[in-house]
Amino acid sequence: MRILSPLSLLLLCFFLVPMLHADEQKLKRIVTLTPSDGESIDIASLEIVKEKEGTYTYSINMDDSKFGNHFLSMRPFKCFQGPKQMLCYLPYPYKKTTKLSETDLQDLEYDLLFIHRKATDYGINPWNGLYYKLTLDKDAKLSGILKEVDLDILASPPEKGVTRPITDTDLNEADPNSHSYPTLKIH
């Protein structure tokens, strides 16, 4: 067995400790849509970076291999067919932050907007918007309960100073039995 010299130990600590600390500052997670019955689908990866105690920034990367390209209502959409309906991803169209805290998950909710439609429908109707209301559990895992929302609210830019135009009053209870993916998990 080889014994490290004091200088080697010092250099190891100098380079290894910051690397371990960096791993604790950056978390990688998978975003999964879960049906009432059937197979779940992983739709995105999420990287969360700790900024300071209690606040984080994130970046989300949608998995394009799970989506097909569709041109609906004169716009390109990325969609996939679920068991009961087609889901089309709607990237939030206005400037926003990518910040999270234990009590504020709304920026991430805005990055997980969808519009549902039947595969046979012509075009797409923002009235059929889907919004996953996120919660943080005691094990620091995120989950989202499906809400219905009229995403036509995003047709024009929000008023000056309004950074979050979708409010709780815009969200409606969704019947989990009528939707393909009533829950979202981030694990």
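## Aromatic pairs

Searching the whole structure turns up seven aromatic pairs. Here, rings of Phe, Tyr and Trp (its six-membered ring) pair if their centres lie within 6.5 Å; planes under 30 degrees apart are called stacked, over 60 edge-to-face, and the rest tilted. Keep in mind that this is a predicted model: local features need pLDDT of at least 70, side-chain atom pairs count only at pLDDT 80 or more, and totals for chains, interfaces and linings use all residues. Residues are numbered from 1 along each chain as its sequence is written, and side-chain values use heavy atoms, with hydrogens and water left out.

Take Y110 and Y131: their ring centres sit 6.2 Å apart with planes at 80 degrees, so this pair is edge-to-face. Since Y110 belongs to helix α2 (residues 106–110) and Y131 to strand β9, the pair ties together parts 21 residues apart in sequence. (Helices, H or I of at least four residues, and strands, E of at least two, are DSSP runs numbered from the N terminus.) Both Y110 and Y131 are buried, where buried means under 20% relative accessible area, exposed over 50%, and partly exposed in between, using a 1.4 Å probe and protein chains only. Ring pairs also link Y92, Y94, Y110 and Y131 into a cluster.

## F114 and its strand

F114 and Y132 make another edge-to-face pair, with centres 6.4 Å apart and planes at 85 degrees. F114 is in strand β8 (residues 114–117) and Y132 in strand β9, so the pair ties together parts 18 residues apart in sequence. F114 has a relative accessible area of 0%, and Y132 also comes in at 0%.

Strand β8 is covered on both faces: F114 and H116 on one side, I115 and R117 on the other, are all buried. β8 runs antiparallel to β6, joined by four bridges, and antiparallel to β9, joined by two; strands pair if DSSP finds at least two bridges between them. L87 stands opposite H116 of β8, while I115 stands opposite G129 of β9.

## The nonpolar cores

A nonpolar core is a set of buried Ala, Val, Leu, Ile, Met, Phe, Trp, Tyr and Cys residues joined through side-chain atoms within 4.5 Å. The largest one has 27 residues, and L33, I43, F80, L108 and F114 touch the most other members. Several strands each supply at least two of its residues, among them β1 (26–34) and β9 (129–136), but β2 gives the most, with five.

A second, separate core has 17 residues, including L72, Y92, I115 and L154.
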